[in-house]
Amino acid sequence: GGGGRGEELKRIVATGGRDPDDKGWDGPKIRIYFPDEGSAALARRDWLLSGGPDQAAVPDCVVFSSCGGVQLQQTSDDMIVMFFCPRASEAEYVEQVLYKTEEERGDDLALTIFVNPILVDMGVTGFGMAGRMLRERLIDPLQPAYYLRTLSWGALTRVWPRQFTVWQEDSDQEDGYRLIRSMDRLPSNPEVEDIYDIENGNMSDPSKKKGFGLLDAVADFANGMMKL
């Protein structure tokens, strides 16, 4: 029933995903932070269901936590920290946990991983200084190891250590896509659309103009603002 399921979720959250009868793992830990307690508990339950009869569904070194609230679990042995799909509403908590863990663990913290973070949301952080400062402080220093954004006409991808690549759909290509630009940084949305327009002759490339006049600059700026 619903009551039994609720109790199961509470137990999973309270034990960090561990078997309450287990004496515990006393070695280095991998801690996964989910956006909230419910998603952490459901992930633990689904992970258990996927395990075979002769295997441990969740490795002993993996512990589940959730963003928000008071952190009651011991984190002094955390070696790898993962934030799974953190949202803008959890950005402040994520930042506090990240800095606290880095300060306490030092070189013993081997890696911090963000999976599909959405830490800046105009509906939450707005267009103002708060969102910009959060991006500069927390998001910009991150190294995107794997990136995939689908577009109406192609895709933007990155697999570290290779560059960011912009692809356009092309039925003449064997895999259906044609590479149209490589970059050493993540381009903004307007930049991606400009890359497409330049490739398809819808606008001129400013870097190739001999005289980049004021009117051209104003026109390109207006086009970019319309695409925001």
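Modeller: Let's start with a term: two strands count as paired if DSSP finds at least two bridges between them. Helices (H or I, at least four residues) and strands (E, at least two) are themselves DSSP runs, numbered from the N terminus. Keep in mind that this is a predicted model, where local features need pLDDT of at least 70 and side-chain atom pairs count only at pLDDT 80 or more, while totals for chains, interfaces and linings use all residues. Residues are numbered from 1 along each chain as its sequence is written, and side-chain values use heavy atoms, leaving out hydrogens and water.

Colleague: How do strands of a sheet pair?

Modeller: In general, they pair through backbone hydrogen bonds, either parallel or antiparallel. Here, four strands make an open sheet, ordered E5-E6-E7-E8, with antiparallel pairing. E5 (146-150) and E8 (177-183) are at the edges with a single partner strand each, so one side of each has no neighbour in the sheet. On average, neighbouring strands of this sheet are turned by 20° against each other, direction ignored. For such angles, axes are lines fitted to C-alpha atoms (for helices, over the stretch in contact), and values run from 0 to 180 degrees between N-to-C directions.

Colleague: What packs on the sheet?

Modeller: Helix H5 (residues 189-199) does, touching E5, E6, E7 and E8, and its direction makes about 125° with that of E8. A contact means heavy atoms within 4.5 Å.

Colleague: How many bridges join E6 to E7?

Modeller: Four bridges link E6 (residues 154-159) with E7 (residues 164-169). In one example, Gly 154 has Gln 168 of E7 as its bridge partner.

Colleague: Now, is Ser 65 buried or exposed?

Modeller: Check the cut-offs: buried is under 20% relative accessible area, exposed is over 50%, and partly exposed is in between (1.4 Å probe, protein chains only). Ser 65 counts as buried because its relative accessibility is 5%. This serine belongs to strand E2 (residues 62-66). The Ser 65 side chain also makes a polar contact with the side chain of Arg 31, at 2.8 Å. That term means a pair of N or O atoms within 3.5 Å; within protein, one must be able to donate a hydrogen and the other to accept it, and residues adjacent in sequence count only if both atoms are side-chain atoms.

Colleague: And what share of the protein's residues is buried?

Modeller: Of its 228 residues, 30% count as buried.
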